[in-house]
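Dear colleague,

Please find below the structure that I am handing over to you. My findings follow directly after it.

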Amino acid sequence: MTTYFIRRIIQMVIVVLISAIATYALLNLAPGGPLAGLRQVQQTGRFRITEEDIARIRAYFELDLYLPYRFTRWLAGWPTGPVTIGNKEYLSDVVVGCRKPIETEVLNDQGKYESIVTGCKELVYMKDLTGRRTSQGIFRGDFGLSWRILRDRPVSDLLLSRLSKTLQLMGLQIVLSLLIGIPLGVYSAVRQYSRFDYIFTSLAFMGSAMPTFFFGIVMILLFSIIPKGAGLPFLPAGLSESVRGYTIPLIGEVAAGSAKDRILHLILPVAVLTIVNIAGWSRFVRASMLEVMKQDYVRTARAKGLSERAVILKHAFRNALIPFITIVVFTIPNLFSGAIITESIFSWPGMGRLYILALGDNDYPVAMAIFFILAVLTVIATLLRDVLYTVVDPRIRLS
């Protein structure tokens, strides 16, 4: 088993590294970026922005470095300058970037002009990196500084400020989905073709087919906007707590930021995510249970005279959980990433909404930190899945 874990850890490191390289390259090669707005302002002529101003801003965001050097500085905080051995410096004159690129306007296939780099006026050498501000690298837990959302503030501070809200939302809905969805799926499989099964299956299909953004809007209308307009008890929708106190009929005064206020704000987004997950997970458990209950060992257990409860829980349910584990363990990354659509609809200040803001504002350090942590959590989830397989089914061995 030790050999297996060592091999898996090596594979996990390789997968995370390849994922980091791919996502970093895609983000940095995508159109836009922090200089896009400056170039538009420069073209309109509203402000006087010189070539030196653009070069200084490029250096501030390290966009004057070639992509491999930017990546290694982000990943491991290296290189920070020439290599010093003894009292002698090496690699001082190695070119690592271009401070002032030469750009030429060319006509593309769509008949529009675009700028392409055709040369360089001023190169950046390894010795120029000495004393330049850089992070210590994500391998040391330093995700760098935010470019736009919280400018010049550590990305880790921004992530920690949103993580607690996402854990509240995702943790609660996952627990509720498991506690409700699994028993519903098992009971529906045991009572196949009954009235309950038909009703449950119809509702589950409706819940799975309904888009999350539409369902969230309907919930806001039914439980927040319409009741509030009619003078009935309502649930607040939007943010995780109110900025000022309010009154709800039959409930009374609710102080802003109080425990009651936070719980009321949590109900609607949790309900949306829980209902959607219950619809999918319960159908999966039902299908898995139906497949297992057709197996010979289940019929043998019944032939031996075991009670139906023992047959269902000990023989059928335990084996039906094996494929369901694959789904459950991959909710671990969601505990960090949050629910992008639901958090956007309810303006929930969690990781999902932060991810959208980071991409929209071209805040690459924040987006890359989220991507990297998700990659790490995903490979950890795959390892946990294999371990849980051995717990559910003792016949499975790690080798």
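Pro 79 is located in the loop that runs between α4 and β1 (83-85). The peptide bond leading from Trp 78 into Pro 79 is cis, and its omega is near 5°. Please bear in mind that this is a predicted model.

Tyr 193, in the loop between α5 (155-190) and α6 (195-209), is not a glycine, yet its phi is positive, near 70°. The relative accessible area of Tyr 193 is 57%, and this residue is therefore classed as exposed, the cut-off being over 50%. Ser 347 belongs to the loop between α12 and α13 (351-360). Ser 347 also is no glycine and has a positive phi, of about 50°. With a relative accessibility of 23%, Ser 347 counts as partly exposed, because the value falls between the limits of 20% and 50%.

The next item concerns the surface. A nonpolar patch of about 990 Å² is present there, and the residues that form it include Phe 213, Phe 214, Leu 221, Leu 222, Phe 223, Ile 340, Ile 341 and Ile 356. Which helix gives the most to this nonpolar patch? It is α7, with 8 residues. Helix α7 spans 212-229, and both this helix and α12 (340-345) supply at least two residues of the patch. Ile 340, one of the patch residues, is placed in helix α12. Its relative accessibility is 33%, so Ile 340 counts as partly exposed.

Finally, I turn to the second largest pocket. The space in this pocket amounts to about 470 Å³. Its lining consists of 24 residues, of which Glu 62, Gly 144, Leu 145, Trp 147 and Pro 365 are the closest to the centre of the pocket. Sorted by class, the lining comprises 12 nonpolar, 5 polar and 7 charged residues. Four helices, α1 (2-29), α3 (51-60), α4 (67-76) and α14 (364-392), each provide at least two of the lining residues.

With kind regards

Terms used. Residues numbered from 1 in each chain as written. Predicted model: local features only at pLDDT ≥ 70, side-chain atom pairs only at ≥ 80, totals over all residues. Heavy atoms only, no water. Patch = residues over 30% accessible without salt bridge, like charges linked within 9 Å, V, L, I, M, F, W, Y side chains within 5 Å. Areas by Shrake-Rupley, 256 points an atom, 1.4 Å probe, with all protein chains shown as cover. Salt bridge = Lys/Arg side-chain N within 4 Å of Asp/Glu carboxyl O. Buried < 20%, exposed > 50% of the residue type's maximum accessible area, 1.4 Å probe, protein only. 1 Å grid on protein atoms, 1.4 Å probe; cavity = no way out; pocket = protein on both sides within 12 Å on 5 of 7 lines; lining within 4 Å. Points joined across faces, edges and corners; volume = space filled by probe spheres on them. Nonpolar A, V, L, I, M, F, W, Y, C, P; charged D, E, K, R; others polar.
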